[in-house]
Amino acid sequence: MLRRFFGFSILFVAALACSHDETASAHTRNGARLPEDGVAPRPSVIAPASQPYRVIPVTAGGTITGTVDIEGSAPVAAIIRPTVDQNVCGNSIVEKSLTLSGTRIAGAIVWITDIHTGKGFPLERRFELANSNCTLDPYVQAMATSGTLNVSNDDRTVHTNRFINVGTGEILGIAPFNDDGEVVPVDHFKESAEIEVVSDRHPWSHAWIAVLDHPYYAQTAANGTFSIEGIPPGRYLFRAWHPALGFADDSVTVVAGQQVSVAFRIRPTARATPTPLPLPSDSQRPPALSPSTASSTPASSSTPRTVGPPPPQQR
């Protein structure tokens, strides 16, 4: 039975600076850029909210249902050849970033981009992310700003996960693991943002999180369908996104008590990559990583990133 250990808590990176000089600070420094500062800002599919979300009574709310399809050819799954921890990772890993049912996209995130008032949040606000077989699972998910992400390690090896705000390039937090069975709760996502999760030791391992400050979002089922309920009447901007493909936008008019459907089609796009920052050599890496000693690694230069026009500004 896997033991669960809540020993290390995620520390907001700014707080780490107090216990270990500034080696884990996410604040911008004067002078040369250091690995712990993060990466250069990149186009993000999620814009910070222009005003706080307010919960109000919603009577006769409308419903948006729909589908998300791929337009064009699907990218070919990559074969990863691990260079470390082959006894745990194996000699090859088939990338499982995208699941299709015909042209329908499973796991795509769909949300309203310009809503600031509406229904309350679900009572269940805990989410999961696991280091499993030297990859991060799930590859993509959505969560509320006030939710908690339980990050776990199912591998009998060390992992250090870093959480990067794509739009600012800042490292928001670090989750260190020294053995299998450990769990680190992360609850420092305070604003809407696209978050990339990377692994220091296994640079091929990535996950993506859509952090939103409202409850009007969904993730498509295995057949590429979704449904969002309890929406106040009005006209809204809507976005569908999968990090392995890109995004598509539409506008939807919601009528009180009625259902409206929308069909998204995402065309795979070439994606920009950040400039990788240096990692320490194995001789410089301590045997047991901790939040104050773990080195920083941003997204690998071989990992595709979404590009496109900036997301619609929230009103």
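## Aromatic cluster and ring pairs

F226, F238 and F264 are joined into a cluster by ring pairs. Rings of Phe, Tyr and Trp (its six-membered ring) pair if their centres lie within 6.5 Å; planes under 30 degrees apart count as stacked, over 60 as edge-to-face and the rest as tilted. The model is predicted, so local features need pLDDT of at least 70 and side-chain atom pairs count only at pLDDT 80 or more, while totals for chains, interfaces and linings use all residues. Residues are numbered from 1 along each chain as its sequence is written, and side-chain values use heavy atoms, with hydrogens and water left out.

The whole structure holds 6 aromatic pairs. In one of them, the ring centres of W111 and W241 are 6.4 Å apart with planes at 90 degrees, so the pair is edge-to-face. W111 lies in strand β8 (residues 109-112) and W241 in strand β21 (residues 234-242), 130 residues apart. Strands are DSSP runs (E, at least two residues), numbered from the N terminus.

## Charge over a ring

R239 places its charged end over the ring of F247, 4.1 Å from the ring centre. The criterion is NZ of Lys or CZ of Arg within 6 Å of the ring centre and within 35 degrees of the ring normal.

## Open sheet

Four strands form an open sheet in the order β11-β10-β13-β16, with mixed pairing. Strands pair if DSSP finds at least two bridges between them. β11 (135-137) and β16 (183-186) are at the edges with a single partner strand each, so one side of each lacks a neighbour in the sheet.

β10 (residues 126-132) and β13 (residues 148-153) pair in the parallel sense over 6 bridges. R126 has T148 in β13 as its bridge partner.
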